[in-house]
Amino acid sequence: MAIILSYITFIPQIYAVILTCQIYQVEKTEILKLVGKRIKCLRESKGISQVELVGKMQGEIDPTNISRIESGRTNPTLFTLFRLAEALEVEITELVNVK
């Protein structure tokens, strides 16, 4: 009986961990989408295409990666955000200011 009770009390802890992970995943997805929308808005306000943005960035980056970033389907590195900010001629904080 003690084994069963230990097992039963352990189940809610696992459930809480699973719920926490799911909540974090939703927040991460939402943040990526918000940052992506912000980048797209800044790019469009400057009247440049994704291809033109890639041309202004330091280093190699594929235009399809810009599309993935803007749609929130990928998590850009800090260095990529830095290069995007430089290419868009804004501070990096403007890219992630999504209150």
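The following dialogue reads a predicted model, feature by feature.

Visitor: Which secondary-structure elements does the protein have, and in what order do they run?

Guide: The protein contains 5 helices and 0 strands. Starting at the N terminus, the order is α-α-α-α-α.

Visitor: What share of the residues counts as buried, and what is the accessible surface?

Guide: Of the 99 residues of the protein, 26% count as buried. The accessible surface is about 7000 Å², and carbon and sulfur atoms account for 62% of that surface.

Visitor: Among contacts between residues at least 6 apart in sequence, what percentage joins residues at least 24 apart?

Guide: The figure is 57% for the protein. E30 belongs to helix α1 and is partly exposed, with a relative accessible area of 40%.

Visitor: How is a salt bridge to be read, and how many does a search of the whole structure find?

Guide: The general idea is that side chains of opposite charge can pair when their charged atoms come close. A search of the whole structure finds 2 salt bridges. One is formed by E70 and R43, with the closest N and O atoms 2.6 Å apart. E70 lies in helix α3 (residues 63-70) and R43 in helix α1, so this pair ties together parts that are 27 residues apart in sequence.

Visitor: Are E70 and R43 buried or exposed?

Guide: E70 is buried, at a relative accessible area of 7%. R43 is likewise buried, with a value of 7%. Both count as buried because the cut-off is under 20% relative accessible area.

Visitor: Which residue forms a salt bridge with E94, and where do the two partners lie?

Guide: E94 pairs with R38, the closest N and O atoms being 3.9 Å apart. Distant parts of the chain are linked in this way: E94 is in helix α5 (residues 92-96) and R38 is in helix α1, 56 residues apart. E94 is partly exposed, with a relative accessible area of 30%, and R38 also counts as partly exposed, at 26% relative accessibility.

Visitor: How is an aromatic pair to be read, and how many does the structure hold?

Guide: A pair of aromatic rings is described by the distance of the centres and the angle of the planes. The structure holds 1 aromatic pair. F79 and F82 form this pair, with 6.3 Å from centre to centre and 20° between the planes. The arrangement counts as stacked because planes under 30 degrees apart are classed in that way.

Visitor: Which residues of α4 are buried, and what follows the helix?

Guide: The buried residues of α4 are T80, L81, R83, L84, A85, A87 and L88. After α4 comes E89, whose phi is positive, near 60°.

Note on methods: Residues are numbered from 1 along each chain as its sequence is written. This is a predicted model: local features need pLDDT of at least 70, side-chain atom pairs count only at pLDDT 80 or more; totals for chains, interfaces and linings use all residues. Side-chain values use heavy atoms; hydrogens and water are left out. Rings of Phe, Tyr and Trp (its six-membered ring) pair if their centres lie within 6.5 Å; planes under 30 degrees apart count as stacked, over 60 as edge-to-face and the rest as tilted. Buried means under 20% relative accessible area, exposed over 50%, partly exposed in between (1.4 Å probe, protein chains only). Helices (H or I, at least four residues) and strands (E, at least two) are DSSP runs, numbered from the N terminus. Contact means heavy atoms within 4.5 Å. Accessible areas come from the Shrake-Rupley method with a 1.4 Å probe; for residues, only the protein chains shown count as cover. A salt bridge is a side-chain nitrogen of Lys or Arg within 4 Å of a carboxyl oxygen of Asp or Glu.
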